[in-house]
Amino acid sequence: MKIYEFHQFVTIEKGLVNAAIVDLMQGDIYLAPKEYVEKFEKRQYNEIPDFLEFFKKEKSLIQVEEGTWIPRLEFDKKPEEGKRSIYLEIEEGADVEWIARVFSSLSDLSVWQIHFFGRHVPEGFPEGITITKKEKDFSRCIEYCRITQDFRKINENFYELNVKLNSCWGTKLAVTKDNIVRPCIYSGIELGNLRNEDILEILKKAFEYQAITKDRVEKCKDCELRYACFDCREVARRKNGSLYSPNPYCNYDPYKGTWNEQVE
């Protein structure tokens, strides 16, 4: 007997009302009524012909013999053990070379890039680290947080990052000109002073903030789309005063499964 299966690059997240069907190979995201997905899983195909036809056209469905093993993508909910890779955001006026050396000396952390927020890119930093000049513009963070029905293309790496870590803070740290370490260059949260505090203790605090995934955020934790969109905790903190408040610029209601008017 042949049955329908989503191919191995599709992941399905069920919400209270809808299910998100995320095609990681093609980078597409679809919302479908949760009841349709449940009927699909029960193989009640005759009750959802339009559902089947749509995903057949999208080339997200395959037919296999019943009992055939279909490889699945599995995302571990915890960060991988071993060396972690981040990029540093460094404010103008800071000792970039010294900061880079401090982080490069750590055995369980690698810095692959420095974003320098200043007018002139400094010289003399360690080899193997790319340095890029940036300009401060917090409005870009807000724009990234505007979640509408028009999703940007998603890929396996971005989805997996969102499962394990915060999509913004999860791969970065910032150091100000006063040697204060923060989750990002825009954050008001102080993790410690790099000049007079143990870097390992600072990193321990940093990893706690990096691990704030959507599973810990109000409303977002109940949303079937939570791993498919960008999340800036500093935007939520500034707007609502809490690290765990929902994205104020998302116009999807997971409790009703409907889209509201765009939040200004």
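**A quick note on the sheet and the cores**

1. Start with helix 1 (residues 34–41), which lies across strand 2, strand 3 and strand 4. Against strand 4, helix 1 runs at about 90 degrees. Bear in mind as you look around that this is a predicted model.

2. Three strands make up an open sheet, ordered 2-3-4, with antiparallel pairing. Strand 2 (10–14) and strand 4 (28–33) are the edge strands, each pairing on one side only. From one strand to the next, the twist averages 20 degrees.

3. How many bridges join strand 3 to strand 4? Six, with strand 3 covering residues 18–23 and the two strands running antiparallel.

4. Next, the largest nonpolar core, which has 46 residues. Those with the most contacts inside this core are Leu88, Ile99, Phe103, Ile114, Leu173 and Leu194. Elements giving two or more residues to the core include strand 6 (84–91), strand 7 (109–117), helix 4 (138–144) and helix 6 (199–210). Helix 3 (96–104) is also on that list, and helix 3 gives the most, with six residues.

5. Leaving aside neighbours within four places in sequence, Leu173 is in contact with Ile86, Tyr87, Leu88 and Glu89, among others. Its contacts also include Phe103, Val181, Arg182, Pro183, Leu191, Leu203, Ala206 and Gln210.

Conventions
Residues numbered from 1 in each chain as written. Predicted model: local features only at pLDDT ≥ 70, side-chain atom pairs only at ≥ 80, totals over all residues. Heavy atoms only, no water. Core = buried A, V, L, I, M, F, W, Y, C linked by side-chain atoms within 4.5 Å. Buried < 20%, exposed > 50% of the residue type's maximum accessible area, 1.4 Å probe, protein only. Helix = DSSP H or I, 4+ residues; strand = E, 2+ residues; numbered from the N terminus. Contact = heavy atoms within 4.5 Å. Pairing = 2+ DSSP bridges. Axes fitted to C-alpha atoms, helices over the stretch in contact; angles between N-to-C directions.
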